[in-house]
Amino acid sequence: MKYLAVIWGIFLTVLCACQRAPEPPETPFNAYLPRPFEEYFADYVPSAEVAESEETKVWDVSDVDISQIDTSRKLIAFTFDDAPAKTMENILAVFARFNEENPDCPATATFFCNGIRIRESVLPLLQTAYAMGMELGNHTHSHLDLTKLSTDRLLSEIERTDELLSRVDGKPVHLLRPPYGNVNEQVKAISKAPVIHWSIDTLDWRKDEETTIYERVWQGRFSGAIVLLHDGYPHTVSALKRLLLDLKADGYQVVSVSAMAKAHRCDLKKGSVYIRIRKRRDLS
Ligand SMILES: [Zn+2]
């Protein structure tokens with residue numbers, strides 16, 4: 001019993017010694033440095049990500065031409081996904097004809113392209129679109145669900161398409177429309193452009209009748225709305241003809257997404273998701 005008490009005493013002593021807080025060093029850390037502590041951080045340059053200011057997060061629309069936009073009109077943005085596909089030429093022809101007959105209210109749109117569709121042979125078509133004032137957007141390379149991809153694959157899906165589009169418009173980055181509208185935090189963090197969703201889904205890919213597509217836009221229209229259409233369906237082209245005329249008669253002008261953002265003086269932020277682009281309140 002006596003031995004047990006001694007062993008217990010030794011154990012407690014060792015335990016207490018282990019748990020005792022270490023003594024603070026008598027000499028402060030700074031004293032070991034050959035120059036003042038702050039000087040070590042004087043030349044510190046944060047990484048690009050950290051250094052990004054609120055200003056650099058704003059989507060640059062300085063080269064977007066809005067001289068043809070009638071500011072007294074309501075604006076609505078038309079977007080065509082899965083471009084360039086088999087109806088792009090027809091869609092452009094509808095815009096060209098409308099603009100010729102309505103020089104007071106010319107219409108433009110944003111074409112969200114898949115890199116996989118941008119072959120050498122369609123570059124002239126994209127160049128024609130760009131020359132007509134159309135905006136080219138990024139719908140990724142191979143139309144995959146971005147939320148299911150690794151970081152590397154996600155980056156390459158976006159960057160490959162940006163590179164191809166820059167051959168047409170010279171811009172390094174383009175508005176992002178994720179396939180299926182699927183976005184997560186990783187997509188938002190990686191995107192160097194605003195992420196553009198929509199306010200009105202025409203569901204034209206279901207190959208609905210022209211009237212159904214038309215009615216979805218007509219019933220859902222409001223100033224600042226973004227309309228989702230697709231390249232590839234003849235009924236979409238027919239509906240487009242009626243919509244351009246009737247929207248004009250109703251006081252609207254059909255424009256691209258970036259043109260609407262600039263005209264509405266709404267700063268789009270990189271990595272943010274937009275379903276509409278309202279006019280700033282101080283603009284009457
Ligand atoms: Zn798509």
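In this predicted model, strand E7 (residues 252-255) is covered on both faces. Tyr252 and Val254 lie on one side and Gln253 and Val255 on the other, and all are buried. In a regular strand, side chains alternate between the two faces of the sheet.

- E7 pairs with strand E1 (residues 74-83) in the parallel sense, over four bridges.
- Within this pairing, Ala77 stands opposite Val255 of E7.
- The largest nonpolar core has 61 residues. Those with the most contacts inside it are Ile76, Ala77, Phe111, Ile226, Val227, Val254 and Met260.
- Leaving aside residues up to four places away in sequence, Ile76 touches Arg221, Ala225, Val227, Leu247, Tyr252 and Val254.

**Strands E2 and E3**

- Strand E2 (residues 110-113) and strand E3 pair in the parallel sense, with four bridges between them.
- The bridge partner of Thr110 in E3 is Glu135.
- Together with helix H4 (residues 123-131), E2 and E3 make a right-handed β-α-β unit.
- Along E3 (residues 135-138), Glu135 and Gly137 point one way, whereas Leu136 and Asn138 point the other way; all are buried.

**Surroundings of Leu136**

- Leu136, which lies in strand E3, counts as buried because it has 27 C-beta neighbours inside 10 Å, the cut-off being 20 or more.
- Beyond residues up to four places away in sequence, Leu136 touches Phe111, Cys113, Leu126, Tyr130, Leu165, Val168, Asp169 and His174.
- Leu136 and Lys171 are 35 residues apart in sequence, and their C-alpha atoms are 9.5 Å apart in space.

**Helix H7**

- The buried residues of helix H7 (residues 210-220) include Ile213, Tyr214, Arg216 and Val217.
- These residues lie on the same side of H7 because they cover an arc of only 160 degrees around the axis.
- The cover over the buried residues of H7 includes strand E5 (200-201), strand E6 (225-230) and helix H8 (234-249).

- Asn102 is found in the loop between helix H3 (88-101) and E2.
- Is Asn102 buried or partly exposed? With 14 C-beta neighbours inside 10 Å, Asn102 counts as partly exposed, because a buried residue needs 20 or more and an exposed one has 12 or fewer.
- Asn102 and Leu245 are 143 residues apart along the chain, and their C-alpha atoms are separated by 9.1 Å.

**Overall composition and confidence**

- The protein has nine helices and eight strands.
- Of its 284 residues, 35% count as buried.
- Among contacts between residues at least 6 apart in sequence, 79% join residues at least 24 apart.
- The mean pLDDT of the protein is 87, and 80% of the residues reach 70 or more.
- Over residues 11-50, pLDDT stays under 50. For this stretch, the model has two contacts beyond four places in sequence.

Notes. Residues numbered from 1 in each chain as written. Core = buried A, V, L, I, M, F, W, Y, C linked by C-beta atoms within 7 Å. Contact = placed C-beta atoms within 7 Å. Helix = DSSP H or I, 4+ residues; strand = E, 2+ residues; numbered from the N terminus. Pairing = 2+ DSSP bridges. Right-handed = clockwise from strand over helix to strand, strands pointing away. Arc of directions from axis to C-beta. pLDDT = per-residue confidence, 0-100.
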